[in-house]
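Student: I have a model open and would like to go through the terms used for it. Can we take them one by one?

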Amino acid sequence: MTGSFGELLRECRVAAGLSIGQLAKRVHYSKGHLSKVENDLKAPHDTMARLCDSVLDAGGSLIEAARAARDQAVERAAGAGLALDRRQVLVAGTGTVLGMALAGGPRPAADERVVAGMRTSFEHLRSLGMQTSPVVVLEPLVALLRTVHALAHENAEPVRSRLLLLAARIAEYTGWMNQEAGDERGALAWTRHASELARAGGDREIVSYALVREAGLALYRQDSAETIGLAQQAQVVDRASARTRGLAARREAQGHALAGDLGAFDRAMDRAAHLLDRSTADTGAYPVLGSTAPDPAELAKGWSLCDLGRTADSATVLERELLRLPATSRRSRARFGTRRSLALALAGEVDQSCVTLAGTLDDVAHVDSATVRADLRELSRTLGRWHNHGAVREVYPELRRVLRQRF
């Protein structure tokens with residue numbers, strides 16, 4: 001990369017004939033934020049780089065430049081010998097690419113009410129993330145993580161560990177939002193950082209769950225072997241809860257379904273259902289990890305039956321489980337609603353596929369999910385086989401509009 005990311009962004013913007021204010025409106029970032037990025041006062045975020053690249057028709061150069069800038073920062077940190085063990089996570093501050101120091105010097109010691117308030121702030125952001133684009137919540141999540149991490153650095157035990165474990169959960173969710181925004185590398189980096197923070201706080205729970213998340217990344221890459229391997233590793237992590245091991249077995253089952261192994265799928269799904277049935281979703285002082293659906297195992301079963309070619313059964317299970325999801329769970333409704341419509345189309349139930357899809361597209365448009373769009377593109381190709389069908393002609397314009405949409 002010649003020059004900085006900021007210089008390249010300015011060149012592309014000027015070449016496109018846009019003012020910085022016009023670009024800010026199109027990518028839904030503030031003018032001040034973009035100005036700081038252009039002047040190399042703020043590091044580029046992958047999501048912002050991707051949005052700018054699309055608007056400015058930069059052909060991927062801005063996305064690559066942002067990744068190169070991040071890689072250079074990681075290399076500088078690695079060169080300084082900044083391995084994140086327990087002590088160094090606590091004192092890292094401004095020393096790493098994920099530096100979390102707060103400006104203005106030490107503040108009064110935090111107490112349990114402060115920790116509870118930080119958790120409430122995170123829960124609000126996570127609730128918002130269930131209903132809207134990941135672009136909306138990513139920057140606030142990172143800002144909150146910096147604050148929580150810096151407070152952990154400034155406080156003594158036991159508050160320090162409480163804050164580190166909360167920071168770990170925020171980092172894990174930030175990874176998920178990066179995945180939903182289509183940034184797999186960012187998702188992986190944040191997920192692994194969550195493990196480091198959890199270890200520093202003395203907890204192994206997210207260490208296991210991070211492997212579940214990595215297995216999810218492999219699943220969306222259609223890599224069944226890596227999905228299965230990572231999910232199996234997650235199930236043998238010391239001190240992982242029954243719930244997390246159940247979610248790991250659920251992910252393993254999805255991997256077996258992707259590989260077309262019905263027997264292994266059934267065994268892993270039975271194990272997942274057993275573990276989830278005897279677990280509790282609430283982790284007490286810390287926000288719950290993973291799906292909050294009434295029955296995550298059944299949703300995964302419905303998803304996987306489609307991969308196994310049992311499309312009619314898949315649609316039946318997903319229809320039943322979608323009725324149990326609250327209206328506020330738009331991201332889950334979009335994900336599994338799209339999968340249901342795909343299963344119906346693959347089963348030849350074209351009219352019903354189009355009817356159900358029409359009711360799902362509004363949720364899909366609101367949550368702006370890269371992972372949901374992968375199934376939506378497959379559904380679009382499938383319905384295209386019936387392009388002269390009346391129901392397909394009716395729903396197809398809105399389907400194409402949502403597929404082209406970017407926040």
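Student: What percentage of the 407 residues of the protein count as buried?

Tutor: This is a predicted model. In it, 53% of the 407 residues count as buried, and buried means under 20% relative accessible area.

Student: What makes helices H8 and H9 roughly antiparallel?

Tutor: H8 (residues 134-154) and H9 pack at an angle of about 160 degrees, with their axes 9 Å apart. Angles over 145 degrees count as roughly antiparallel, so H8 is roughly antiparallel to H9. Their crossing is left-handed.

Student: Which residues of H8 and H9 meet?

Tutor: On the H8 side they include Leu 141, Leu 145 and Val 148, and on the H9 side Leu 163, Ala 167 and Ile 170.

Student: How do you know that Val 148 touches residues beyond its sequence neighbours, and which are they?

Tutor: Contact means heavy atoms within 4.5 Å. Leaving out residues up to four places away in sequence, Val 148 touches Met 118, Leu 163, Leu 166, Ala 167 and Ile 170.

Student: Which members of the largest nonpolar core touch the most other members?

Tutor: Among its 54 residues, those are Leu 141, Val 148 and Ile 170. Helix H9 (residues 159-180) supplies the largest share of this core, 11 residues.

Student: Why is this core said to lie between domain 2 and domain 3?

Tutor: Because domain 2 (113-279 + 288-297) and domain 3 (299-404) both give residues to the core, it lies between them. A second, separate core has 21 residues, among them Val 367, Leu 383, Val 395 and Leu 399.

Technical notes:
Residues numbered from 1 in each chain as written. Predicted model: local features only at pLDDT ≥ 70, side-chain atom pairs only at ≥ 80, totals over all residues. Heavy atoms only, no water. Core = buried A, V, L, I, M, F, W, Y, C linked by side-chain atoms within 4.5 Å. Buried < 20%, exposed > 50% of the residue type's maximum accessible area, 1.4 Å probe, protein only. Helix = DSSP H or I, 4+ residues; strand = E, 2+ residues; numbered from the N terminus. Domains from an automatic or database assignment. Axes fitted to C-alpha atoms, helices over the stretch in contact; angles between N-to-C directions. Parallel < 35°, antiparallel > 145°, perpendicular 65-115°, else oblique. Left-handed = near helix turned anticlockwise from the far one by under 90°.
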